[in-house]
Amino acid sequence: MGAPEATVTDHPIEGPSNSSSSTPLLRGGGDGGGGHLRSRSSRRLVIATISLSCILVVAFCCIDLLSLIAKPGPVIEHVNNGAVPVSSGRPEGVSDESSHTVIGETKGLPYPWTKNMLTWQRTGFHFQPEKNWMNDPNGPMYYNGFYHFFYQYNQKGAVWGNLVWGHAVSEDMVHWTHLPLAMVSDQWYDQNGVWSGSATLLPDGQVVMLYTGISNESAQLQNLAYPANLSDPLLIDWVKYPGNPIIDPPKGIDKEDFRDPTTAWRTSEGKWRITIGSKAGRTGLAFVYETEDFKTYRLLPELLHSASETGMWECIDFFPVSINSENGLDTSANGEEVKHVMKVSVQDDQRDYYVIGTYDEAANTWSPDNPAGIWIQYDYGKFYASKTFYDQKKGRRILWGWISESDSEKADLLKGWASVQSIPRTLLLDQKTGTHLLQWPVEEIEGLRLHGKEFNNIKVDAGAVIPLDVASSSQADVVAEFEVDKAALAAAELVADQEFSCADSGGAAQRGYLGPFGLLVLADLSRSEQTSMHFYISKTSGGNLKTSFCTDQSRSSEANDVNKEIYGSFVPVLEGEKLSMRILVDHSIVEGFAQGGRTCITSRVYPTRAIYQNAHIFLFNNATNASVLASVKMWPMSSTTIHPNSD
């Protein structure tokens with residue numbers, strides 16, 4: 001069946017202010033159907049009201065969904081990481097936390113949190129708004145000297161709901177200034193929420209923002225917005241295209257299962273394509289739309305990809321990586337030296353999965369390089385709805401991810417805020433494995449390091465726990481390397497085979513021949529509270545040694561209403577490599593990166609004792625037979641400067 005086309009009447013009206021003499025691809029403007037969201041002060045552009053002259057006409061032809069999903073894709077392998085299916089955080093009036101069981105929760109009254117404890121939980125160098133609820137990162141980009149970050153925000157409270165777009169800018173992605181809200185729910189097509197979307201920077205300097213609006217009838221509709229004044233580097237005011245919505249759900253797709261348009265990429269013919277997540281039954285889908293002007297779209301006949309038994313795909317990301325360079329690539333890059341990453345956020349288990357593959361522009365399909373189609377998680381902890389962008393300033397691809405809470409909703413209401421963003425991470429293809437991406441905190445974060453300490457070649461015998469003589473570790477950057485006793489590794493041939501997974505293990509307390517060993521962070525001196533980041537080496541049924549990178553939250557807090565999961569995954573360790581990890585500790589957040597970022601884990605922990613000056617760090621080795629040689633570098637971290645919105 002031929003590809004149906006969605007047509008939108010073109011209204012030739014004023015474009016955004018720009019000194020460029022080029023003809024804008026986007027010609028929309030005015031507020032008859034969207035218009036300026038506000039005009040706050042004399043330094044901002046004031047746009048006259050322009051009435052809409054034509055009626056929006058949107059006509060979609062029938063789509064044979066069955067033919068689109070006839071070819072089964074690889075199934076996402078859900079790694080046994082102890083994940084508990086939770087709500088998507090999307091039903092109106094219900095937050096993620098109000099509808100799931102807290103792992104490790106003790107029956108009884110909620111924990112009596114004190115103001116002192118809750119104040120400590122707020123981070124020192126992660127991005128978060130001044131108060132209230134935040135979730136998905138939206139439309140990150142670098143524009144005219146500033147990094148722009150938009151995010152899902154509830155300005156009315158510390159629970160999910162009433163979603164609009166918050167906005168902040170930074171010159172280094174470390175120190176931020178909050179700006180007025182970028183987009184609010186003020187039109188029929190986004191009356192029930194301005195949900196996630198992406199930014200595209202066009203060659204002539206224009207900025208396109210596509211986002212999902214939740215209509216007055218709860219339909220998920222795709223919409224277009226753009227800056228009111230491109231000469232304003234802060235991009236404070238935004239215009240909603242009067243012809244919105246630009247894309248309705250295809251025929252056969254539920255109106256509540258069609259969302260989160262990606263950054264657009266340019267084809268060899270000069271057209272632009274985006275992908276939007278959806279599902280049909282239990283099959284996750286990635287639709288592709290093509291446009292020349294970002295107002296009129298054609299649904300292409302082939303799906304970019306699909307996978308059975310995965311459920312709803314949201315917050316899809318699709319981008320190129322170089323197979324032989326350490327530089328990031330513009331989203332439109334393609335060719336023989338390029339691979340494409342497909343990332344999906346799976347609503348059912350709230351995890352982000354990716355796999356590396358090959359994009360066929362002519363056929364409009366993407367296929368995984370791994371014939372088994374096994375998908376890898378970006379992060380095996382609290383990390384979801386992630387979004388990348390190409391940083392043209394430094395030639396790198398940057399990854400943002402939403403770090404949700406895992407305490408109780410009652411506690412969030414007490415402290416007045418919920419959720420933060422991950423430290424932005426550079427993203428590269430791991431050229432050594434060819435199967436993994438390498439994630440690493442942006443280099444700018446190292447500017448927060450204070451005077452550090454080194455502990456070199458410390459022998460940690462089997463069963464030993466060694467405190468490190470450092471000041472409070474509530475805010476710290478820790479880098480550690482471990483070498484396992486060679487005699488013990490050689491003797492591992494005699495050890496019985498073991499099928500190991502972090503989630504099913506006893507965590508840091510489980511004793512095996514070659515592990516666990518690593519670091520205990522946010523621990524009080526008695527270690528009644530502690531959170532581990534550790535390695536565990538096991539012998540597989542094939543006789544090979546396999547290394548896992550895990551975190552154990554089971555003793556992270558004495559509170560009875562917080563998540564205390566043990567999770568993690570396998571990490572590839574190549575011949576000649578030492579075992580290495582980097583840990584960013586920032587109060588209630590612990591981000592771990594193993595083997596240069598091949599495997600990552602983000603934890604939310606809520607200690608009651610191991611806070612302020614009582615937060616310490618230890619080396620430990622709970623193996624039964626092997627000693628390890630450890631070297632650790634640790635830097636206390638200063639706090640970032642986050643300026644409030646002055647408007």
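Author: Two strands are said to pair if DSSP finds at least two bridges between them, and strands themselves are DSSP runs (E, at least two residues), numbered from the N terminus. This is a predicted model, in which local features need pLDDT of at least 70, side-chain atom pairs count only at pLDDT 80 or more, and totals for chains, interfaces and linings use all residues. Residues are numbered from 1 along each chain as its sequence is written, and side-chain values use heavy atoms, with hydrogens and water left out.

Reader: Which residue in β6 stands opposite Ala168?
Author: That residue is His178; the strands concerned, β5 (residues 163-170) and β6 (residues 176-183), pair in the antiparallel sense over 4 bridges. Both belong to an open sheet of 6 strands with mixed pairing, in the order β24-β3-β4-β5-β6-β40, where the edge strands β24 (417-418) and β40 (642-643) each pair on one side only.

Reader: How many residues of strand β36 are buried?
Author: Buried means under 20% relative accessible area, exposed over 50%, and partly exposed in between, with a 1.4 Å probe and protein chains only. In β36 (residues 589-594), 6 of the 6 residues are buried.

Reader: Which residues of β36 point one way, and which the other?
Author: In a regular strand the side chains alternate between the two faces of the sheet. Here Ile589, Glu591 and Phe593 point one way, while Val590, Gly592 and Ala594 point the other.

Reader: With which residue in β37 is Phe593 bridged?
Author: Its bridge partner is Cys600, and 6 bridges join β36 to the antiparallel strand β37 (residues 599-604).
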